[in-house]
Amino acid sequence: MKLNVESLQDAFTWESKGIALPEFDRSKMLQETAKNPSWLHFGPGNIFRAFIASLQQNLLNQGAVNTGIIVAATNTREIIERIYQPHDNLNLLVTLYPDQSIRKTVIGSIAESLTCRTEEKADWKRLQEILRNPSLQIISFTITEKGYKVKTKDGTYLPDIAADLVAGPKAPQSFLARVVSLLYERYIAGACPVTLLSLDNCSQNGLVLKNAVQEIAQVWEQTGLVKAGFLEYLRQQVAYPCSMIDKITPRPSEAIQKELLEDGFTDMEFISSQRGGCYAPFVNAEKTEYLVVEDTFLNGRPPLEKAGVIFTNRQTVDCVEKMKVCTCLNPLHTALAVFGCLLGYTLIADEMKNPLLYKLVENIGYQEGMKVVADPGVLNPQDFIRECLTERFPNPAIPDTPQRIACDTSQKLGIRFGETIKAYQKSPDLDVSTLTYIPLTIAGWCRYLLGLDDSGNPFTVSPDPLLAELQGHLTDVHFGSNIDVHAALKPILSDSTIFGLNLYKIGLGDRIEVYFKEMITGPEAVQKTLQKYLG
């Protein structure tokens, strides 16, 4: 039994094993998508496979749309060649419920899989063809927060962006410049409108995407590398709605793989990518999912509200995003990530059994974060955080790890904690000096950067673009009670590009130093520090 089109012909076998199949004519969908593509997505990872592709399948099953999604990898063919194409672009979604029951669904809404690289000539030509087609409505993205960056911390362009700004749109090497090049293809083919939809967890993601795209186009137009009017097209005929997306999609589970093998599958092998990721022909994910989108689409859109998507205005999306990313989920995840790694945990669900860690995230959310949350109306903050703490994080079926969540933490602290700190600073009714658990977590992150667990044993720090720089500041820090930590921590805690503000100037830097110093007095010092402030 294999995950491919030929095997699906034996529908009885699949259904007898409780696996739901697509309820639409997939061959017709493929034909219609090839002729009139409506949705192109960049970023073929797990959140796309588990959530976005499933939304479109829901609409196809209802007969609300007749086209699927075309997906493109941003830099490498690896996942396309090893996961998508060997399985005819089919995906097996395994939904994990808190009661440990599961539901298996074959997702067949992905029509094509490509690689967005000019070196891949056939794929690049196909992408240009898709962009020229007036039928294209949406270009969406799940490329992580760092995927939208065009400049370094000091304000200079990233090397690949700098090279593309000089070379122009013919053969760009950076992903963002390739996107702008493709948009230029659409402009010269008739300037049809289109919507660029970021589905990544970064503050005001639509504006972040808009600024990156238009900055590249502006330089190209100013230097005569593209025709005059291109930038105005991007301003007037391209929409950049903001969104908030939420669904936990961890790396594939060995337990799920074992069950699928027992079902009779013979092609459920894990694939380790060159960048350290882990993929499989299946994707396991929690049932809970939220997508709230600003309803500004310039060339139409599928009726995704029929699949549960909430459409609203930008102000509401901003409130929802801040509620989730700044208070009710992401800061709690980051706290669990850094302390989980320090205390030797490998599952978020297991951390939630630790009374100290449970109380830490409860206090960050309810005591400190909730005071500055505006109720967005479409989702209730109290209900949202309660669901995270009582159902989602403790779900034993979700094989999510603190090590995964700890990736790129330096890129997340500004939104996950910095925004709450700023809100306290600006509020006439709140005092930033009353914060305890957020600065305690920041101190925990600095302690995490040492790469030593609470017993003093080395562990592998998760990838982070600033890791070498950050660890460089901490080279002289070691266990001991008489360590002067100020010189080591000052370059980190004063860096407004990390936190959104200088933590010393608002009175938190010195406190974080105290917490950090308590965590390095010796083995088990992290546990003792948590006990001191949470016990």
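**Salt bridges and overall build of a predicted model**

Lysine 153 comes out as partly exposed, because its relative accessibility is 35% (buried is under 20% relative accessible area, exposed is over 50%, and partly exposed is in between, using a 1.4 Å probe and protein chains only). This is a predicted model, so local features need pLDDT of at least 70 and side-chain atom pairs count only at pLDDT 80 or more, while totals for chains, interfaces and linings use all residues. Residues are numbered from 1 along each chain as its sequence is written, and side-chain values use heavy atoms, with hydrogens and water left out.

Lysine 153 has a partner: it forms a salt bridge with glutamate 469, with the closest N and O atoms 2.8 Å apart (a salt bridge is a side-chain nitrogen of Lys or Arg within 4 Å of a carboxyl oxygen of Asp or Glu). Lysine 153 sits in the loop between strand E7 (138–141) and helix H7 (159–167), and glutamate 469 in helix H20 (residues 467–473), so this pair ties together parts that are 316 residues apart in sequence. Glutamate 469 is partly exposed too, at 38% relative accessibility.

Next up is arginine 314, which pairs with glutamate 294 at 2.9 Å between the closest N and O atoms. Arginine 314 belongs to helix H12 (residues 314–328) and glutamate 294 to strand E14 (residues 290–294), so the bridge ties together parts 20 residues apart in sequence. Glutamate 294 is buried, at 8% relative accessibility, whereas arginine 314 is partly exposed at 31%.

In total, the structure holds 28 salt bridges. Some join up: Arg77, Glu81, Arg117, Glu119, Glu120 and Asp123 are linked in a network of them.

Zooming out, the protein chain has 24 helices and 15 strands (DSSP runs, numbered from the N terminus: helices are H or I with at least four residues, strands are E with at least two). Its radius of gyration is 24 Å, close to the 24 Å that the globule rule gives for 535 residues, so the chain is as compact as a globular protein of that length (the radius is taken over C-alpha atoms, and the rule is 2.2 Å times the number of residues to the power 0.38). Of the 535 residues in the protein chain, 58% are buried.
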